[in-house]
Amino acid sequence: MESIKFSVIVPVYNVEKYLKACIDSIIHQSFRSFEIILVDDGSTDQSGLLCDSYVKRYPQMVSVIHKQNEGLLSARRTGLKSAHGTYICFVDSDDMIREDTLEKIHTIIEKYHADMVVFGMKRIDGLGRILEKIDYIFEEGIIEKEYFFEKLLINEELNSLCTKVCKYTLFDVKRDYSSWYFISQGEDLLQSLPVINAAKKIYYLRESLYFYRKNFESITYTCQKERYYGLQIILPLVYDYMVRLGFNSQENISLFYRYCLSTLWACIYPYVQSGARQKECRSYFKKIYAFEFVKNPRVYLKKMKCKNRREYIEKIALQLFYMRSWSLLVLFLRTVNTIINIRHSRVPRS
């Protein structure tokens, strides 16, 4: 049997609206040495049946694993254990890839012997229309791991597994991640760090091959009360890798603190906007405040420079959080949200 170059792993959960577009974008790749592994993570809509229909139509190319719902991290790990490809790609089931993605990646691998290829993405809406293009982070070519790590701390795009194609041997496939399945904040970084640590040659491609759908019904945009538990795991893990790789310069420590603050903001803001009561918010903040890697970045907050209105709002909110003025913090964020909604609802005069 001819070896397979790429295994494309697609975690699937209740995304029947976008799943066909996702799978079709992979099916129609110009480079043909690949398999598609669909991992149905206990979907309750028609997603599972749609997966089965693709297996019937493309039995040599597509396989499906039906499992109980355990989250994105579990689905990806399940797919990894069934992969036969030399290289691994991850595509989320409401996203798409460009039809020459695997061909582009294969060309780079053959020419530069890279064991990880990183590329850009474009954000799209529910109809597939491009919303914005994320700026390219590096010059094209081989990237030094230290430089890559520095940018990793301040660029959400680099955290994503979906913008990386990695050699299968870089993954710690046998490691048990089950105790982390509940994490819904930072799980991409949790999986990316060991792979980056193991990589010997990383290539950056200045092209947007991935189309990330801004789906407000997805887990990314759904507030979960326990998402903050990821702070206990992700932040210490990032710091540990920074020290282990010898990248703990003063500049990188400052970048790490900025990353901590961004992660903290990503836990605070959605929870307040979820409609939780004042008492619930205060209890939630108290638990977060107790984490060591949440307390330490407070010093950096004073140095935080704001480039726009959103960053000013974030800084004020974080200052209120560290002052433990939690009732005022809730009032502030809800007032800001009300003002934003009013502005968006205004109809321009003709």
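Predicted model: local features only at pLDDT ≥ 70, side-chain atom pairs only at ≥ 80, totals over all residues.

Student: Which residue of S2 is the bridge partner of Ser 7?

Tutor: That's Glu 35.

Student: And how does the chain cross from S1 to S2?

Tutor: Through helix H1 (residues 16–27), in a β-α-β crossover that is right-handed.

Student: What about S1 and strand S4, how many bridges there?

Tutor: S4 (residues 87–90) pairs with S1 over 4 bridges, also in the parallel sense.

Student: Is S1 buried or exposed?

Tutor: Buried: 7 of its 7 residues are, so the rest of the structure largely encloses S1.

Student: Which residues sit on which side?

Tutor: One side has Phe 6, Val 8, Val 10 and Val 12, while Ser 7, Ile 9 and Pro 11 are on the other. In a regular strand, side chains alternate between the two faces of the sheet.

Student: Switching to helices. At what angle do H9 and H10 cross?

Tutor: Roughly 170 degrees, with the axes of H9 (residues 250–273) and H10 (residues 278–289) coming within 11 Å. Over 145 counts as roughly antiparallel, so that is what H9 is to H10.

Student: Which residues make the contact?

Tutor: From H9, Leu 264, Cys 267, Ile 268, Tyr 271 and Val 272; from H10, Glu 280, Cys 281, Tyr 284, Phe 285 and Ile 288.

Student: How many of those are nonpolar, polar or charged?

Tutor: 9 nonpolar, no polar and 1 charged.

Notes
Residues numbered from 1 in each chain as written. Heavy atoms only, no water. Buried < 20%, exposed > 50% of the residue type's maximum accessible area, 1.4 Å probe, protein only. Helix = DSSP H or I, 4+ residues; strand = E, 2+ residues; numbered from the N terminus. Pairing = 2+ DSSP bridges. Right-handed = clockwise from strand over helix to strand, strands pointing away. Axes fitted to C-alpha atoms, helices over the stretch in contact; angles between N-to-C directions. Parallel < 35°, antiparallel > 145°, perpendicular 65-115°, else oblique. Contact = heavy atoms within 4.5 Å. Nonpolar A, V, L, I, M, F, W, Y, C, P; charged D, E, K, R; others polar.
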